[in-house]
Amino acid sequence: MMAKDAGRATSRALGRLRVAFALLSITLLGVLAIAPATSHFSEWRAAQQRYVNLAQRAKLEPIGVRVRQAPSPTPDNVDRCGSCHLGAAGVAPVDGDPLFAAHPSIPHDPARFGCTICHGGQGRAVTGRAAHGGEANWEEPLFPRPYREAGCGVCHSRVRLPDPELVASGRALFAARGCGGCHDVDGHDLPTKRDLSKVGLRGFSRQWQDHHVRAAGESTDDRWAASPLPLGDEEHAAVDAYLQSLVGAPQLVAGKLLVARLGCRGCHRIDGVGGDGPDLSDIGGRRASELDFSRVRGEHSLAGWLRELLTDPSRLDPRSRMPAPGLAPAEIDQVITYLLSLRTDPISSAFWPPDRVRGMVLGERDFPTEGRPLFQAFCSACHGARGEGRAPAGAVAFAPAIGGDAFLAIASDGFLRETVRRGRPEHMPAWGASNGGLHPEEIDAIAAYLRTLQHALPSFAEVSASALDLARGREVFQQTCTPCHGERGEGTAIGPPLAAADNPVTARDDAIYGTLARGVDDTAMGSFRTFDAPTLRALIGAVTTLDRNHGPRKDWRPRAGDPGRGRELFGRHCVTCHGARPEGRKAPAIEDPRFVATAPDSFLTASIVRRHDRSREELRRSPDEVADVVAYLRSLGPAPASAGDR
Amino acid sequence: MPLVDDLRMPSDEADVERRRFLALLGSSALGLAGLGTVIAGIRYLEPDVLYEEDTRFEVGRPETISLGTVLVSRARKVYVVHGERGFYALSAVCTHLGCVTRHEPGTDRIVCPCHGSTFDLGGRVTSGPARTRLRRLELELRRGVLVVDAGRLVDDDARPLEV
Amino acid sequence: MREPVKILLRSRVWRSFARHGFPDSNRNRSLAVFSNFFLHFHPVKVRVRAIRFTRTFYLGGLTAACFFILTMTGFFLMFYYRPAVPHAYSDMKDFVYVVSSGKFLRNLHRWAAHAMVALVFAHMSWTFLRGAYRPPREFNWVVGVSLLVATLLLSYTGYLLPWDQLAYWAVTVGTNMVASVPMVGQKIKLLLLGGHVINDSALLRFYVLHCVVLPMALALGVGLHVWRIRKDGGIHLPALPKGDAPDESLPPVLAGLEAGHPADDSQGAEAAGARLGATESVRLVLDEDEAADVTVDLNDEPMVMTFPHLLLREVVAFLALAIVLAVVSLIFDAPLEAIADPSRTPNPAKAPWYFLGLQELLRYYPPVVAGVLLPALSITALAVIPYFRVNVERPPLWGAAPLRRLALLWLAIAAISALFRLGASGMVWSIVIPLWLVGATMSAGALPWREGKVGPWLRTRSLPFWIFTWFLASAITLTVIGALFRGPSWHLTVPWHDGIY
């Protein structure tokens, strides 16, 4: 290549390069300027500029235009919502834009608590879409409007609510007596009414009735004349319970009470207390991206998924054992509000409310620990609201009726406690401290409550006062006592002779009454409380007039049966309902060492004799056969350690 | 510019020997120092204290865990299985490259989301790129409660805990 | 306009730190380059052929430019980023939302990192294809390979810093691969993580590696690399045609030697290299007119002044790169997933794109092989390429006896295919099929081409060239499969049907 040609070529190239340099430099300048410009001309700045203009017109103080940041108890620990939502950030409100309106009156200062702890969303973001939770990497969108109160429950996770039934009757009473005429329970902050909407959190004097009466007496105001008092003790307790449930979050409270009333914790565990079903302690923290929405009819969010679940659980998972709760749509919303509040996210302890400290640090319960509400919260979902038992269609297991005399007559208190504590294989969870999480005194309360469901026996005085009808008595004796004690009360393999001369019980009326009332500890003799006074009188008469020359009472022992024959008998008569195979769905599957380990021989004997439908002939077995079957069952496993007291 | 130093080797053999010896001594010492620095440096980088959680945790009472149950602790990355022969604890960490596996409920399969390794409930590989079984972890019964130590490994063939 | 500047340039202040005047004469232009601390790694004059865009596509310079951009953006990012566990992720969010230009800086840093990795691979491939690794440039090639490794390590250590799910699990996979090395693997993992699990210690160590250790190593390496370019005689150029046989395979150094010198006389090559470095010009046209500042070297090669020809080209290339990266950073946001959750592995958990090929390989081979052995062997193989003098001495591949060589080739291909088939099934797509394709293209070179450009070019490629091409094709295929065709649990997906994971 000639030097001159090369020279010209390079000159031309140089010229082009110089042009390129100039153009590209300018372009780079422009491009680089865009970045700080976009940072500067942001959504929040525009919003704050709008505020400044509006404030100027309203002759208010101008504000500094900057990102506004408040601390937050959430792990993300700052909230910048106030950069656009100026009204909520404590800036003087102006009209003209909902962003600048003041925050509705709430007990917590947004400047101290931030916003996301109550509302959800992404506190660190300053663009609307991202802050409201629209980003793919932030799966905590704002709580939708109907479920706003879930945010309250995230911190106030251990608010103690009383017995749902008491609350319901208290609410009815409050309305019926017109208390709402002077008191506001909805948090509307009316100047004319005294606000009770958060009285459950703030606390109230239990002597409020006395104060009312005194105030009514001292005042000349006409309104006191309409005061609904006085209330009886029970009514007072109901209204107290209702007042205690007023914490400023009615949806949340309704949801929590519904869950307690329906007995969801019979299967579901929340905060370590509950059955063996799915743990709900963090259900509010489930991520939508991990859920399967293919069968969900509503919106594809956690709330939508929960709604589908609560409407028809088997739709989401055909193998689910959860029965459909049968709730109205409004009730479903309330339950969803409560469920969304169940989260295990750590919250800075500087922000813990007293109920959370009491619950999480001091170990106090957030549910009532009396027998009836405990039974309702943990047992009623399977065993029925009054222990009537449940055998719903489908795959859900059979849950025996435990609230009736048929069971309670032969189940001692100790047996009840042990069963609750240890559960039954396959179908009933263990409720002791290490599994279901109930304390021993709570289990005692449940057993005591069940005991109250038993029929009340007429008093001995009443019985003694009734007329004696011996023929009737003998008839009852024939039906009731002979299956164990023999045709003439001579004693059998399973029941001692009643007609023995040395039987101390059968000699005296009051002793017989006592035995019928309470049964005999550690034996198959349960109580017999379904009789009315005349029948009892007749029965006692029949027993006392038995022929007393059958073998001595003191020599009698229950005879051990033959397990082989018992097995044969079981196979022929019992397996159709009680077998371990699917037949066991009609009645507890008892041919199982784990079941047998929970039931003493006395309970087994009493159950066989007394708990079946008495009209079915084929189920009535002779005492020897009963002994054989019991022996067979016992052969499957050892007896429980203590037989328990009555 | 005149050179004022004299860098010629000395004529005297002893001097040469001396120089060589000093040079060797110096370089060896430096070499050792260098080597020592490397070793001390590596020792420096080895952590002397670990800011990590205690690896032991309680599982529950064995009588409350029925046969066939697979308990999953996601936070600890442990499966506790009540098998035919008793209780045992498996690490949920895939042996391929350390991702956290998932147990498919209602089945006997444990699946790893990273490369699709699948294991059975005994921890054995059924498919996928993993080559070794899920590690067995120490499981003990202490005062009636099952306790797992996720930091201690146990033989793959160790007997399950019979209760 | 020039007058005031010229006066300024004659002032005492200026003359105290710059030893040249306004660069309007070749003398000043020379001084502007070689007496300038920052510019003096350039030669004063460069060969015209060497600075053409299509010669190197400025890939090396662009890679260095990326490094510069990364360092600058990295400096800025360091003022807000805290390498501690809850703060790291929060600080990423702060960059995106509140820090002025934070989102842009963060995006730029990320995209420049990807660009740097892509460019370093492209630079390496193009250097290989040009044959610029051949003596005397072997050592520079090795330095370049170590720069490649350093770049990948920088990218890897930086990957953990956002502390999101992607970061956490990519590093889990990576450190487990390292741990599978026999004997020392567990120890290395312990040193890398500062413990047994990935938490604060790991983050801090990766931060130190990413911000201090590796950048310094890279900077030193780049300095050495550039210095060696000068010492090795500048950009490798094919010799100017002399006579009938265009011998593009000989380095220019040897073109200047008399015939008869053996090609592998290293001393001769050294001496010639030194000669070339020392005197680059013979005739200097002392003409103020820029159009004539062209000189010719020993080899009759036209040259131009570095200032402004080369420097302007460098600046323009840098500007173009900066603009592209800035525009991309303004439009596309760097990914940020949910905060790292040690108990929840995302499904699928994918490594960064340049490691996806490796992750795909891990599907088929145990970690020791796929994660440690193969990469180590690949790097070693790359590094030793220049020391195999196959194509310096022997004639082109398809010279004499093409049929025999064809037969050998296909026998080898069959053997390798059988080997991989015996291994894992999925290898077919990513290794064996590229092998066949490359083999077919290779065989096309055996045809008796005479005219055109493609034919003779194919014919004269050397064996290392084809091996490298096969390696590259397999790596690309593996990466594409890993990126587009793998979904949850690493099952095969169809991207236009199931989307890209």
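Author: A definition to start: a salt bridge here is a side-chain nitrogen of Lys or Arg within 4 Å of a carboxyl oxygen of Asp or Glu. This is a predicted model, where local features need pLDDT of at least 70, side-chain atom pairs count only at pLDDT 80 or more, and totals for chains, interfaces and linings use all residues. Side-chain values use heavy atoms, with hydrogens and water left out, residues are numbered from 1 along each chain as its sequence is written, and chains are lettered from A and ligands numbered from 1 in the order in which they are written.

Reader: How many salt bridges across the interface of chain C and chain B?

Author: The rule finds 1. C:Lys187 and B:Glu46 meet there through their side chains, at 2.9 Å, N to O.

Reader: And how many residue pairs in polar contact?

Author: Between chain C and chain B the count is 8 residue pairs, both residues at pLDDT 80 or more. A polar contact is a pair of N or O atoms within 3.5 Å; within protein, one must be able to donate a hydrogen and the other to accept it, and residues adjacent in sequence count only if both atoms are side-chain atoms.

Reader: What is the area buried between chain C and chain B?

Author: About 2,200 Å², with carbon and sulfur atoms giving 57%. Buried area is the accessible area (1.4 Å probe) that two parts lose on being put together, summed over both.

Reader: Which residues in chain C lose the most area to chain B?

Author: C:Leu191, C:Ser343 and C:Thr345, together 21% of what that side buries.

Reader: How many residues does the contact take from each chain?

Author: Chain C gives 31 residues and chain B gives 25 residues, with contact meaning heavy atoms within 4.5 Å.

Reader: What is the radius of gyration of chain B?

Author: 30 Å, whereas a compact globule of 163 residues would be near 15 Å. The radius is taken over C-alpha atoms, and the globule rule is 2.2 Å times the number of residues to the power 0.38. The C-alpha trace of chain B spans about 95 × 40 × 30 Å along its principal axes.

Reader: Last one: where is A:Ala288?

Author: A:Ala288 sits in the loop between β6 (273-274) and α12 (302-311) of chain A. Its contacts, leaving out residues up to four places away in sequence, are A:Glu139 and A:Phe293.

Definitions and conventions: Helix = DSSP H or I, 4+ residues; strand = E, 2+ residues; numbered from the N terminus.
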